[in-house]
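I opened my notebook beside a structure that is new to me and wrote down what I looked up. Come and read along.

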Amino acid sequence: MSNCKVIALTNQKGGVGKTTTAVNLGVSLAQQGRKVLLIDADAQANLTMSLGYNRPDDLPVTLSTIMQGIIEDNPIDVQRSILHHGEGVDLLPSNIELSGLEVRLINAISRESVLKTCVNEVKKNYDYVLVDCMPSLGIWGIDI
């Protein structure tokens, strides 16, 4: 699966269908036999909740946890945070902690590549990685 396609669903406005597109595209690709990872890169965790994880703040490991580890230059195991969904897609969930990560990124070296480092750790296992982004331009940028 070295030809993984990484697709970021972005728009600086909320309510335009980023999450709906991510879920429907991801599940459709999975139904066609593709291995799909959905990444919830929004602190509102709508993608996470759309897939039935209604209490994202109770999840022990999320995208925020992984990205914090990357910032602190700790060894990362992204696989431990991936949830397997009955629709055939995998999910790297989010929760409100992601909103605090933006503050920590202000002084981080290469902050624009933190998400890329995370994606690079897992994309070898997937045909598609779909990133549901936050409804803003943010300071961490998208460099995936």
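**S50.** I started with S50, which sits in helix α2 (residues 46–50). Helices here are DSSP runs of H or I with at least four residues, strands are runs of E with at least two, and both are numbered from the N terminus. I found S50 partly exposed, at a relative accessible area of 46%. The cut-offs I used are under 20% relative accessible area for buried, over 50% for exposed and partly exposed in between, with a 1.4 Å probe and protein chains only. Which residues does S50 touch, not counting residues up to four places away in sequence? I noted T19 and V23, where contact means heavy atoms within 4.5 Å. S50 and T19 lie 31 residues apart in sequence, and their C-alpha atoms are 8.2 Å apart in space.

**Ground rules.** I am reading a predicted model, in which local features need pLDDT of at least 70, side-chain atom pairs count only at pLDDT 80 or more, and totals for chains, interfaces and linings use all residues. Residues are numbered from 1 along each chain as its sequence is written, and side-chain values use heavy atoms, with hydrogens and water left out.

**The whole chain.** I counted five helices and five strands. Read from the N terminus, the elements follow the order β-α-β-α-α-β-β-α-α-β. The chain has 144 residues, and 42% of them count as buried. Its accessible surface is about 7,300 Å², with 47% belonging to carbon and sulfur atoms; such areas come from the Shrake-Rupley method with a 1.4 Å probe, and for residues only the protein chains shown count as cover. I also looked at contacts between residues at least 6 apart in sequence: 80% of these join residues at least 24 apart.

**Helix α3.** Is α3 mostly covered or mostly uncovered? I found it mostly covered, with seven of its nine residues buried. I listed the buried ones as L63, S64, I66, M67, Q68, G69 and I70.

**α3 with α4.** Two packed helices are described by the angle between their axes and the distance between the axes. Axes are lines fitted to C-alpha atoms, for helices over the stretch in contact, and angles run from 0 to 180 degrees between N-to-C directions. For α3 (residues 63–71) and α4 (residues 97–105), the axes come within 9 Å and cross at roughly 20°. The two are therefore roughly parallel to each other. My scale calls angles under 35 degrees roughly parallel, over 145 roughly antiparallel, 65 to 115 roughly perpendicular and the rest oblique. On the α3 side I wrote down L63, S64, T65, M67, Q68 and I71, which meet E97, L98, L101, R104 and L105 in α4. These contact residues divide into six nonpolar, three polar and two charged. For that sorting, Ala, Val, Leu, Ile, Met, Phe, Trp, Tyr, Cys and Pro count as nonpolar, Asp, Glu, Lys and Arg as charged, and the others, Gly among them, as polar.

**α3 with α5.** At what angle do α3 and α5 pack? I noted about 110°, with the axes 9 Å apart, and α3 and α5 are therefore roughly perpendicular to each other. In this contact L63, I66, M67, I70 and I71 of α3 meet V114, L115, T117 and C118 of α5. I sorted the contact residues into eight nonpolar, one polar and no charged.

**Positive phi.** Most residues other than glycine have a negative phi, and most peptide bonds are trans. I marked D73, which follows α3 and has a positive phi near 60°. D73 is in the loop between α3 and β3 and counts as exposed, at 68% relative accessibility. I also marked A45, with a positive phi of about 60° although it is not a glycine. A45 belongs to the loop between β2 and α2 and counts as buried, at 1% relative accessibility.

**H85.** My last stop was the loop between β3 (83–84) and β4 (89–92), where H85 is found. H85 is partly exposed, with a relative accessible area of 21%. Leaving aside neighbours within four places in sequence, H85 is in contact with L51 and Y53. From H85 to V27 I noted 58 residues in sequence and 9.9 Å in space, C-alpha to C-alpha.
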